[in-house]
Amino acid sequence: MLMQTHEARLKALREELKRRDLDGFIVPISDEHMSEYVGDYAQRLNWLTGFGGSAGFAAVTRDQAAIFVDGRYTVQVKDQVDENLFEYRNIPNDSLGEWLAAKAGDGAKIAYDPWLHTWAWVEALEKVVEPKGIEMVPATSNPIDAVWADQPVPSGAQAIVHEDTLSGRPSAEKRAEVADWLAEHDLDAVVIPALDSVAWLLNIRGGDVSHTPVALSYVIAKQDGSAELFIAPEKVTPELTRHLGNAVTVRDRSEFQAALGEYSGKRVSVDPTFGVVGIAQGLRDGGAKFVFKEDPTILAKAIKNPAEVQGHRDAQARDGAAVSRFLRWIEVTAPSGEIDELTAAAKLEDFRRAHGDLRDTSFDTISAAAGHAALPHYKVDEDTNIPIPPGSIYLVDSGGQYPAGTTDITRTVWINSADGSAKPTAEMKDRFTRVLKGHIQIDQATFPQGTNGGQIDCLARQYLWEAGVDYAHGTGHGVGSFLGVHEGPQRIAKPSGGQAGTSQELFEGMILSNEPGYYKAGEFGIRIENLVLTVAKDIEGAEGRFLGFDCLTFVPLDRTLIEKSLLAAEEIAWVDAYHAKVREIVAPQLEGDDLAWLERHTQRL
């Protein structure tokens, strides 16, 4: 029945395309703000295909269809999408342009929603398909919306004020900084479509998108320090109006497109990564002289001020107690074989809520047992859910959204048998310990100012490389302050492959994840993730400025999986010092069996 439903939906879309005299349509996972997570109303790819991943797109012609996903989702897409309806295509091996050229034919008109794609994406695709006689056409409205009868409406949640005590800087000061940037670049205004940038600039938050506390809105910031906020009226409270003050004009979100035409003759910038075609067209058609420049809030947002740093430490302390309680619970209950992945994920959220002030999880918890742990971005649901097998590895990657900060942590633990006799294999302990050694190398790294994330990534991989293995994801991503759990521009990853953020210089105040891993397909997976703060290093006799990291996450590591003989003396000392810090921060929040468990699991190696 499910697949018949998707067959009917695909048929309805094709009929709508025929009615519009179009030969095809591109369906991304995206919204008007190019958000990582999107509201239910924007889940068009999921509605059409059944695919529930967070990245990918489909291409539909009159008689062919394909879904394009990267290596993270090759298993998931086959579980969720009917191969009789959609071909499976791999990113980056398969080209959308080449697929369209082969399937659509000369003279075809392929539509796209200009509010869901960037200018650069369209230009790159046109270069491939136009020589084949294919025309890319911006749709006047999204054809899926015309056939999605029960499409949810955008969230009506009210926007809330993010107090200066938590943000560390008033909005007026941030807007003045943007105004200075505009003057420096001889610009009159900047369009800010990224939801987390809007939230950071105006010190507001919202409840419109799962896992990220933002409000659906746009900002146009001007050189005089004023701004216009485009947001649905039902989201605006008297408290929000007072907070924004006279320098921020509040307008209905529905007026945004027309407002782009009010800048005739003005120089206006928009970020090429977040500024969709619809914004660029609106500025161009209205007579503005628009240029593509990186959103001026992005780097400023990434460099946390003292209030944000302290808030993050407070959130991490609370989160560490909740995760520690969960790890004791899983150690005690899972050996029965009666705990499944979904139950474990729900229990972890319960522990977080019990410690207070949790507003949301910061992403869907990766609760991965046995072979599922070998899928770095596994997402458990009713169809994939399995019992956690005794005598196996269990990986849990999770995080919380607290007003003081955003958390993200991964722990890999051994699930014993009911009689306590099961032991991890030598290979499991070897791989876990090599991952731990790489994790320690990042944690303890010292590097000169000017270093980027791509230059230190190999520190995390070196011990895995020695064993002839590696992992296929980045080592670290930026993290927001009660904002996105994946925040740019900084990133620790291999510098090859054009991965965004790896060339970004690391600055004092940036928060990153430290998460090397290892994955043996179909058997087990390992990842150890803490968050770290970039700090200045005081080195006697240093010639120039040097930086390093200060660990922010404090939850015990599973000693069962550590092969002590592989650790150098200084690495053993690091583990012991780390666990001492865990006791110092977490123990005062626990009692009874939870406290006894913590003390036992933080003993010296």
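Which residues of the largest nonpolar core touch the most other members? Select F326, I330, Y394, L436 and F549, which hold that place among the 66 residues of this core, and keep in mind throughout the tour that the model on the screen is a predicted one.

Next, colour helix α14, which spans residues 306–333 and gives the most to this core, contributing seven residues. Then centre the view on F326 and show its surroundings: leaving aside residues up to four places away in sequence, F326 touches A344, K347, L348, F351, Y394 and V396. Apart from this core lies another one, made of 35 residues, and a selection of A159, L201, L240 and L244 will show some of its members.

Now turn to the strands, where six of them form an open sheet of mixed pairing, to be followed across in the order β4-β3-β2-β1-β5-β6. Select β4 (87–91) and β6 (135–138), which stand at the edges: each has a single partner strand, so one side of each is left without a neighbour in the sheet. Looking across the sheet, you may follow its twist, which averages 25° from one strand to the next.

Within the sheet, select strand β1 (residues 24–28) together with strand β2 (residues 57–61), which run antiparallel and are joined by five bridges. In this pair, F25 stands opposite V60 in β2.

Conventions
Residues are numbered from 1 along each chain as its sequence is written. This is a predicted model: local features need pLDDT of at least 70, side-chain atom pairs count only at pLDDT 80 or more; totals for chains, interfaces and linings use all residues. Side-chain values use heavy atoms; hydrogens and water are left out. A nonpolar core is a set of buried Ala, Val, Leu, Ile, Met, Phe, Trp, Tyr and Cys residues joined through side-chain atoms within 4.5 Å. Buried means under 20% relative accessible area, exposed over 50%, partly exposed in between (1.4 Å probe, protein chains only). Helices (H or I, at least four residues) and strands (E, at least two) are DSSP runs, numbered from the N terminus. Contact means heavy atoms within 4.5 Å. Two strands pair if DSSP finds at least two bridges between them. Axes are lines fitted to C-alpha atoms, for helices over the stretch in contact, and angles run from 0 to 180 degrees between N-to-C directions.
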